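Welcome, and please take a look at the model below. The notes that follow start with the whole chain and then turn to its sheet.

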Amino acid sequence: MSMLNQIPSESRCRTLVRRAAFGTRPHCPRCGSSRVRRSEGRYRCPRCRRPFSATSASWLSCMKVTYRQLWTLLLCWQRRYPFGVAVEVSGLSHVTVRRWYRRFRYNLVYESPQLSGTVEVDESFLGRRKTGNQRIAIGAWCRDTRKIVVRRIPNRMQETTDRFLLEHVVRGSIVCTDGAQFYEGIDSFFGYQHVTCNHSEFHFGPTNLAECIWSMLKRFIRRTWHHFRNRHWLPTFLREFEARFNAPELFDSPLTYLQTCLAAVPSR
Ligand SMILES: [Zn+2]
């Protein structure tokens with residue numbers, strides 16, 4: 001009940017979505033003109049002679065839920081509530097909730113950072129081997145900025161890990177890894193300072209944080225999504241996890257998310 005009390009009324013939710021899409025002044029999504037007329041909850045541009053609303057210019061167009069239900073679903077997704085809770089609170093079907101959770105994830109506006117300083121790099125298996133759904137992920141964690149980058153990789157080959165490092169870790173950084181063969185030579189070839197530890201001898205010191213993040217990621221997938229049925233979804237799960245870790249302000253309230261992720265046409 002406490003959560004329901006935090007959800008604004010339908011008209012308030014509509015106002016907030018409109019504010020997130022247009023800012024203070026509504027404008028036409030086609031020509032950008034702010035000389036628009038308002039009628040029956042929608043707008044009409046005299047220049048284009050077409051009606052539009054706060055949602056018609058973005059990925060919210062043609063949505064079949066009310067603004068209040070949208071707000072509720074977004075709040076549930078931001079707080080990582082399981083589907084069952086979102087179904088109960090919003091009154092929507094399980095399929096609809098799942099679809100909206102996926103839509104929020106796909107439309108997340110977020111850029112991965114470049115890591116520098118002392119960076120821990122490690123890889124882990126996600127999913128179950130017996131169901132044929134096991135995938136490999138590689139992650140880098142910066143001790144100085146507390147930022148992370150996580151990606152799915154097709155294999156544990158030297159060229160794959162090298163490409164990941166060159167893309168996300170600035171040259172000259174101190175890279176801490178386990179003693180795996182595919183990290184060999186990153187100091188002489190790419191100019192990283194390389195610190196290794198031997199996991200088989202229970203030496204985890206330099207990659208302690210990395211191990212901790214893997215357990216957080218696995219808990220995140222299990223709690224919200226239970227498991228990933230479709231292997232193509234894994235990169236988007238990883239991106240959401242990364243955004244939650246690096247940009248927690250996006251998940252503070254539905255308004256902050258919509259202000260960042262609703263792509264409205266800039267006004268003139
Ligand atoms: Zn127009």
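## Overall make-up

The protein has 10 helices and eight strands; these are DSSP runs, with helices (H or I) of at least four residues and strands (E) of at least two, numbered from the N terminus. Residues are numbered from 1 along each chain as its sequence is written. This is a predicted model, so to speak plainly about its limits: local features need pLDDT of at least 70, side-chain atom pairs count only at pLDDT 80 or more, and totals for chains, interfaces and linings use all residues.

Of the 268 residues, 29% are buried, that is, with 20 or more other C-beta atoms within 10 Å of their own, these atoms being placed from the backbone. Among contacts (C-beta atoms, placed from the backbone, within 7 Å) with a separation of 6 or more, 54% join residues 24 or more positions apart.

## The five-stranded sheet

Five strands form an open sheet with mixed pairing, in the order S6-S5-S4-S7-S8; strands pair if DSSP finds at least two bridges between them. Strands S6 (148-153) and S8 (193-197) each have a single partner strand and stand at the edges, so one side of each lacks a neighbour in the sheet. From one strand to the next, the twist averages 25 degrees, with axes fitted to C-alpha atoms (for helices, over the stretch in contact) and angles running from 0 to 180 degrees between N-to-C directions.

Three bridges link S4 (residues 118-126) and S7 (residues 174-178) in the parallel sense. Glu120 has Cys176 of S7 as its bridge partner.

## Helices on the sheet

Helix H6 (residues 158-168) packs on the sheet and touches S4, S5 (135-142), S6 and S7. The direction of H6 makes about 150 degrees with that of S6. Helix H9 (residues 234-246) lies across S4, S5 and S6, and runs at about 175 degrees to S6.

Methods:
Buried ≥ 20, exposed ≤ 12 C-beta atoms within 10 Å, placed from the backbone. Contact = placed C-beta atoms within 7 Å.
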